[in-house]
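Hello,

Here is the structure we talked about handing over. My notes on it follow below the display.

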Amino acid sequence: MSPCRAETQNQVPVSRKGTPTMWVPVSSMRTQIKLPSGDPLTVVLIGKTGNGKSATGNFIVGEVGSFKESYQSSSQTKICALKERKEERHLTVIDTPGVLDSVPVSAFEKLKEFSGLYNKRQEEILREISRVFAMSPDGLDAILLVTRYGDKFLKEDAEALKILQTFFGKEAHAYMILILTHGDQAERNANIDQISVETHLNTYVQGLPSWVQGFLDEIGQRIVLVNNDLLRFKEKDPGHYKGKLYELVQVIDEMRRGKGPFMHKLTWASKQTLENEIKTAMEESGLASLERDLRKKEEQVEKERIEAHTKSSELKKNNETEEEKKKMEEKKKKMEDERKRLEGERKKLENEKKKLEEKLKDDQKKEAQKGEGGKATENVKKKSGGCYPGSATIIGVKGRLRRIESLQIGDEVEILTNKGIQLEPVITFIHRQPQVVEEFLKIVTVKEKILLITADHLLFVEVMGQATAIPARNVKIRDTVYVRGSHGSEKDSVRSISTVYEKGAYAPVTLSGTILVNDVHTSCYFDVLSHEWSHRAMGIARTVHYVSPSLVRRISAIGEKDGFPGWCRLAHTMLTLLD
């Protein structure tokens, strides 16, 4: 088990053309070290309060005080903050508050006894994670997990890690690096034992709990030892400081080689918000109109160029006169001049577009660092497929009450029809993600039916005497809904609506496209399309189910990611773009 490191103690690799790599002490190189060249990088810092997240951010940016550092148990970073380093290599650093771990997870779980406090805590976590994605619409190049060298890893740390993995997903492992701060202590211990820092670090890692070692295996044993105090002395020993920063950037580059940045489903929500802002600004500024006009001119010039080429070929075949040849050459020159002029206009327009895009991107990042986080943070926070929590209940065969998280494809559940209550099989899941924490609307009826449902999921209410599927967010107090009665469907009235946070996200689909959840008549779909059109779109799944129920199960497993079957994710993306 060997940690991924780019250097031995106080050394960096230097290679010359035609010679093997040599290890050179950084102190002897002074300021000759330059950061590896490459594309801009965006990284996020995550860890417990007091472990050195903000100090590590300052270390990367190269400025003491860029991020407020915490020297006690209370977090100095209240909301996500962003800073940039543009010297040699453009590095964007996002520092996060200790919302996942400032309070021990055991105490965090006890907050469930006080639902108001628990929901507020969950909302803080969701908002700060949403800020991260709002600040990084182009994706994250690295997720730096910051912990203090020598600290013990406790049970609450394991639980906090599970929460982190819940929000980011396992796909994020390929972008994670463990940062061990207070590297000067590791160097002192290595000197005392008269061994290299690398050997000492290997021994330290081998002594960590098995769950930590298992996690390190999952992230490719990427570990970087950082001494943040080097920043304070970089003027006296710039080589040592630069060498450590060089190591970190090199590990990120190696990790990123051959793949793009980490793009979470919430990254796409952030990117879509930015693209919508750019589209609006292009129209308002007149750039969109200029681009359309320019495109027409370019197409016309290209059309004339092709016609001229065709005519020139015909004249050659017909032995054109010198006068005809001269006219054709003049026409070609005129078109070439026009093409170059339009090329210059295109270049100028693209520069204007780039300036506008960069300005709006910077505005979105700045807005995400204020108050509630702005439009992008709110859109990211709301981005999810319609669903129910794992604690939601359904009734199955022989009237057996079951939690929705226990359902499998093929299981029969109760639905509400004109002929009364019937059983239908679950033919697929549009969404199935046990570990995710979501925001749900809590709808309570006069008959004490309690439904937890995401804001974009559809349920049936009475509109002009007809059962109509509408998004849950549009349901109002005193609206009439349909519930399970002793002999079939009964009408009920909404008494209260509130917000709660629950674990799990499930969206089972039945043959009829409806399902009774907590005795309330709901749709199986969410509001990308109407209930009727969504049900038509699911026609192929019903057909496959009738032919072979097991085939639907296999198809649903193909390309599954973040709880969405591959075919559902593709359809959702296409319909969202059309919306």
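**Aromatic pairs**

Phe59 and Tyr241 are both buried. Please keep in mind that the model is a predicted one.

A pair of aromatic rings is described by how far apart the centres are and by the angle of the planes. There are four aromatic pairs in this model by the rule used. In one of them, the ring centres of Phe59 and Tyr241 are 5.1 Å apart and the planes stand at 75°, so this pair is edge-to-face; the cut-off for that label is an angle over 60 degrees. Phe59 belongs to helix α1 (residues 53-61) and Tyr241 to helix α8 (residues 238-256), so the pair links distant parts of the chain, 182 residues apart.

Phe153 and Trp211 form another pair, with centres 6.1 Å apart and planes at 85°, so it is edge-to-face as well. Phe153 is in the loop between β6 (142-148) and α4 (155-168), while Trp211 is in helix α7 (residues 210-218), so parts 58 residues apart in sequence are tied together. Trp211 is partly exposed, its relative accessible area being 30%.

**Charges over rings**

Two cases are worth a look in the viewer. Lys259 lies over the face of Tyr175, 5.1 Å from the ring centre. Over the ring of Trp533 sits the charged end of Arg536, at 4.5 Å from the centre.

Strands of a sheet pair through backbone hydrogen bonds, in parallel or antiparallel fashion. Here an open sheet of six strands runs in the order β4-β5-β3-β6-β7-β8, and its pairing is mixed. Its edge strands, β4 (81-85) and β8 (223-225), each pair on one side only. On average, neighbouring strands of this sheet are turned by 25° against each other, direction ignored.

Strands β6 and β7 (residues 176-181) run parallel and are joined by six bridges. Val146 has Ile179 in β7 as its bridge partner. Helix α6 (residues 197-206) packs on the sheet and touches β6, β7 and β8. The direction of helix α6 makes about 125° with that of β8.

In soluble globular proteins, nonpolar side chains tend to be buried together. The largest nonpolar core in this model has 47 residues, and Tyr388 and Leu459 have the most contacts inside it. Strand β12 (residues 420-445) gives the most to this core, namely eight residues. Another core lies apart from it and has 39 residues, including Phe168, Leu178, Leu180 and Val205.

Regards

How values were computed
Residues numbered from 1 in each chain as written. Predicted model: local features only at pLDDT ≥ 70, side-chain atom pairs only at ≥ 80, totals over all residues. Heavy atoms only, no water. Phe/Tyr/Trp six-rings, centres within 6.5 Å; stacked < 30°, edge-to-face > 60°. Helix = DSSP H or I, 4+ residues; strand = E, 2+ residues; numbered from the N terminus. Buried < 20%, exposed > 50% of the residue type's maximum accessible area, 1.4 Å probe, protein only. Lys NZ or Arg CZ within 6 Å of the ring centre and 35° of its normal. Pairing = 2+ DSSP bridges. Axes fitted to C-alpha atoms, helices over the stretch in contact; angles between N-to-C directions. Contact = heavy atoms within 4.5 Å. Core = buried A, V, L, I, M, F, W, Y, C linked by side-chain atoms within 4.5 Å.
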